[in-house]
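Biologist: Could you take me through this model and tell me what stands behind each word you use for it?

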Amino acid sequence: MKTLDLADWPLIPRGTAFEDHTVGRVFHHRWSRTVHASDNISFTTQTLAFNPVYLDRAAAQAAGHSAAVINPMLVFDMVFGLSVEDLSEAGGPFLGASDVEFLREVYPGETLYASSTVVEARGSESKPDTGIVTWQTEGRVASGEVVIRFRRTNLVRRRTHRDDITTVPEGFAEDFVPGARFRHARTRTITDLDLNGLTLLVMNTASGHFSEQEMAGSPFGGRINFGGLTLALTVGLATQDTTAQAVREIGLDKIRFAAPVRHGDSIGAATEVLNVQPAQHHSAVVTFRHFGINQHNEIVCETNRDVEIRTRSAPPEVASTTDALHPANFL
């Protein structure tokens with residue numbers, strides 16, 4: 001089995017530390033999320049919240065709404081989720097929330113944005129390696145109107161010195177030098193969402209991915225993940241650290257699957273920069289080699305990936321639509 005020695009591959013960290021949360025600091029969270037009717041139906045039925053105004057357009061209109069209402073708990077969880085990367089991804093349990101205000105209904109097709117302000121930060125007496133932080137988080141729609149507001153509190157780990165950590169790249173073409181190698185912080189465990197749900201979502205009918213009966217007597221001893229999804233996960237885990245300033249995906253090459261991925265395997269990713277070639281329109285084509293790695297440091301997937309990426313000299317009008325529409329620009 002082919003393994004990858006990651007000892008000399010610095011880690012690109014994700015999340016923040018307790019020391020980053022000074023009272024009064026405002027985080028304008030990067031990601032936004034359009035809420036679709038399908039999100040609302042799935043979330044509401046899975047949480048057994050059988051309120052007709054969330055599920056039945058006619059009932060919602062009879063109650064005075066223009067369409068079915070997005071379940072407010074989905075709005076809360078989604079706005080919360082948009083804040084996690086900046087506030088609590090690096091670790092520390094969610095301790096509670098207060099003063100949750102649903103300021104107006106959210107409807108299918110609206111896009112949610114979030115920002116958070118640090119309102120309290122203090123050391124933990126029982127866990128000296130952490131602190132306790134409270135934020136006020138607001139969720140907005142594209143016009144800048146606030147639709148939800150709440151306070152939430154987490155334990156947040158204090159910063160520790162690590163020699164294996166590198167800086168987080170901004171993602172411009174100049175940030176990537178041929179020969180550079182780094183690891184990505186996030187990992188993901190393969191579950192039935194992959195083996196059943198995502199395989200069937202993309203209409204892959206190879207039953208070896210979703211039928212235990214089919215695979216019980218096979219050399220694999222059970223279901224294995226669809227390689228296309230292992231590839232997508234490998235690229236996905238590397239995406240935020242490599243293509244934050246991407247113009248477009250150009251292509252993939254030399255895709256290899258070195259080992260099967262099974263239910264319960266946890267997949268991480270590492271990247272090597274192979275080439276940077278100047279292109280037109282204030283951009284360059286960067287070639288990455290991405291490696292998908294399981295919990296045993298075995299390579300399960302690898303691919304070359306060509307992406308056109310903006311340079312720092314790109315004029316402001318080349319900035320992404322997401323940046324231009326972020327409600328922080330309306331404040």
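**Terms set against values**

Modeller: Leaving out its neighbours within four places in sequence, D99 is in contact with R149, F150 and R151, contact being heavy atoms within 4.5 Å. This is a predicted model, where local features need pLDDT of at least 70, side-chain atom pairs count only at pLDDT 80 or more, and totals for chains, interfaces and linings use all residues. Residues are numbered from 1 along each chain as its sequence is written, and side-chain values use heavy atoms, without hydrogens and water.

Biologist: Why is D99 called exposed?

Modeller: Exposed means over 50% relative accessible area, buried under 20% and partly exposed in between, with a 1.4 Å probe and protein chains only. D99 has 54% relative accessibility, so it counts as exposed. The C-alpha atoms of D99 and R152 are separated by 8.9 Å, although these residues are 53 apart along the chain.

Biologist: How do you know that the length of helix α7 agrees with its number of residues?

Modeller: Helices are DSSP runs of H or I with at least four residues, numbered from the N terminus. The expected span is 1.5 Å times one less than the number of residues. For the 16 residues of α7 (residues 227-242) that gives 22 Å, and the end C-alpha atoms are 22 Å apart, so the two agree.

Biologist: What makes α7 largely enclosed by the rest of the structure?

Modeller: Of its 16 residues, 12 are buried, so α7 is largely enclosed. Among the buried ones are G227, L229, L233 and T242.

Note on methods
Helix = DSSP H or I, 4+ residues; strand = E, 2+ residues; numbered from the N terminus.
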